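Subject: Structure handover

Hello,

Please find the structure below, with the sequence. My notes on what was found follow after it.

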Amino acid sequence: MSSLIHRIYSSVATPHFKEYQIPALLERVRAANVRHEVTGMLLYIGGNFFQALEGAPDVIDELYDRIVQDPRHTHVAQIVREPIEQRRFADWSMGFTTVDPLDAGTLIGEGGFYQSALCLSRLDTGRAEKLLSAFGSGRWRLEHADAHRRRA
C-alpha cells in the first residue's frame, strides 16, 4: 500500500469569484482528481472554502502549492497535513456542498463564528473534524450525490 496524506485547508473567495462558477470548476477538478487519484471534499461557507484533499504526498503537496497561487481565493490557511492509513472520502473525486454559515457555526459549537471572512482560518483540528464528519455522514448531501461520486 502506498503512503497517503490528507491536507485540510481553508481560504476566502475573492470578490470576483462567484458561487455560480463552482459547478464548472468542480467539473474540471473532478476529472483531474480522477487522473491523479485524488479524493476529498469541498465546502463553500459564506464566501469561504473548506477543503480536504487525500492522496499521495507528492501529488497533494503539488496540488496545494497550485491552490495557494490560485487567484480565485486568498488567505489560504493550512489546518492540517498528516499521514492517513486510508481515504475518508474514497468514493468522492471531490464531494461538494454549500453550507449555511449559521448551520456550520452551530455544528462546531460556536455561535457568531462566521462573522469574519477569515473565520475558517482559525479552525482547530477538532472543529475541522466536525465539518468533515458532518459531510461524510451525509448532513449536507446533495440530492444527486451519485453524480459527484468518483469515477475510476
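The protein chain has four helices and five strands, where helices (H or I, at least four residues) and strands (E, at least two) are DSSP runs numbered from the N terminus. Along the sequence they come in the pattern β-α-β-β-α-β-β-α-α. This is a predicted model, in which local features need pLDDT of at least 70 and side-chain atom pairs count only at pLDDT 80 or more, while totals for chains, interfaces and linings use all residues. Residues are numbered from 1 along each chain as its sequence is written, and side-chain values use heavy atoms, with hydrogens and water left out.

Of the 152 residues in the protein chain, 45% count as buried. Buried means under 20% relative accessible area, exposed means over 50%, and partly exposed is in between (1.4 Å probe, protein chains only).

Thr39 lies in strand E2, which covers residues 39–45. Is Thr39 buried or exposed? Thr39 counts as buried because its relative accessible area is 0%. Its side chain makes polar contacts with the side chain of Glu54 at 2.5 Å and with that of Arg87 at 2.9 Å. A polar contact is a pair of N or O atoms within 3.5 Å; within protein, one must be able to donate a hydrogen and the other to accept it, and residues adjacent in sequence count only if both atoms are side-chain atoms.

Arg127 is in helix H4, residues 125–136. Arg127 has 23% relative accessibility, so it counts as partly exposed. Its C-alpha atom is 9.9 Å from that of Ala104, 23 residues apart along the chain.

Regards
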